[in-house]
Amino acid sequence: MSALLKLAESMRRALEVVALASGWLLVIMACVTTFDVVARKFGLQLPYTRLQELEWHFHAAIFSLWMGYCYTINAHPRVDTFTEMMSYRGRAWIELAGCLVLALPYMALVAYYSLDFVAQSYRLGEQSDSTVGLTHRWIIKGIYAAGLWMVVLGILSVLLRVIVFLFGDKSEQEVNLQIGHVITDV
């Protein structure tokens with residue numbers, strides 16, 4: 001069980017590294033957005049379509065690269081009213097069922113098909129519908145697909161922690177299973 005917990009923690013740490021490193025994209029996105037606004041204000045003749053598309057590309061990349069880590073720290077939308085009166089062990093059983101029956105099968109399927117989504121975009125040389133838009137649309141689709149696979153990794157990390165908690169001899173604190181209402185600093 002200790003090996004499973006170490007594996008779960010290494011997956012969580014890898015997701016955390018990706019998430020925190022991609023946080024710098026916020027700075028770049030802010031610079032691009034600021035430049036776009038200032039350039040428009042002063043009437044500069046620039047391809048604004050590219051700037052706007054670049055803004056949403058950065059936004060999509062940030063979102064995608066944070067999804068997996070957010071799952072591991074319970075920073076995703078969920079309805080805890082059903083489980084808030086349950087014991088910690090009861091919530092862990094609900095989390096186990098949710099991971100195995102809902103989250104993992106769904107995300108694995110979506111992530112699997114995202115690879116074809118990216119490959120097809122690459123084969124077609126997909127680009128913006130605008131003549132002055134960005135090219136190489138497969139890049140942002142690839143980042144989104146990577147984000148989906150990171151969610152699968154995050155689900156597996158949580159699933160391993162749940163298994164260790166339910167079937168091992170580790171306490172809540174040792175497992176660090178963040179289920180139910182959790183307040184965390186990011």
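This is a predicted model: local features need pLDDT of at least 70, side-chain atom pairs count only at pLDDT 80 or more; totals for chains, interfaces and linings use all residues.
Figure 1. A search of the whole structure returns five aromatic pairs. One of them joins W66 and Y69 in an edge-to-face arrangement, with 5.9 Å centre to centre and 65 degrees between the planes.

**Figure 2. The aromatic pair of Y122 and W138.** The ring centres of Y122 and W138 are 5.1 Å apart and their planes stand at 90 degrees, so this pair is edge-to-face. The pair connects distant parts of the chain, as Y122 lies in helix α4 (residues 88-124) and W138 in helix α5 (residues 137-167), 16 residues apart. Y122 is exposed, with 54% relative accessibility. W138, at 29% relative accessibility, is partly exposed.

**Figure 3. The largest nonpolar core and the surroundings of I155 and F165.** The largest nonpolar core has 24 residues, of which I155, F165 and L177 touch the most other members. Helices α3, α4 and α5 are the elements that each contribute two or more residues to this core. The largest share, 10 residues, is supplied by α5. When residues up to four places away in sequence are left aside, I155 touches Y71, C99, A103, L104 and M107. F165 also has R89 over the face of its ring, at 5.3 Å from the ring centre.

Figure 4. A separate core of 17 residues is present besides the largest one. Among its members are A61, I62, L65 and I140.

**Figure 5. The second largest pocket and its lining.** The volume of the second largest pocket is about 160 Å³. Its lining consists of F63, W66, M67, C70, Y71, A75, H76, P77 and V151. Helix α3 gives the most to this lining, with five residues.

Note on methods
Residues are numbered from 1 along each chain as its sequence is written. Side-chain values use heavy atoms; hydrogens and water are left out. Rings of Phe, Tyr and Trp (its six-membered ring) pair if their centres lie within 6.5 Å; planes under 30 degrees apart count as stacked, over 60 as edge-to-face and the rest as tilted. Helices (H or I, at least four residues) and strands (E, at least two) are DSSP runs, numbered from the N terminus. Buried means under 20% relative accessible area, exposed over 50%, partly exposed in between (1.4 Å probe, protein chains only). A charge sits over a ring if NZ of Lys or CZ of Arg is within 6 Å of the ring centre and within 35 degrees of the ring normal. A nonpolar core is a set of buried Ala, Val, Leu, Ile, Met, Phe, Trp, Tyr and Cys residues joined through side-chain atoms within 4.5 Å. Contact means heavy atoms within 4.5 Å. On a 1 Å grid over the protein atoms alone, a cavity is a set of points where a 1.4 Å probe fits but cannot get out, and a pocket is an open set with protein on both sides within 12 Å along at least five of seven lines; lining residues have an atom within 4 Å of a point. Grid points are joined across faces, edges and corners, and a volume is the space filled by probe spheres set on the points.
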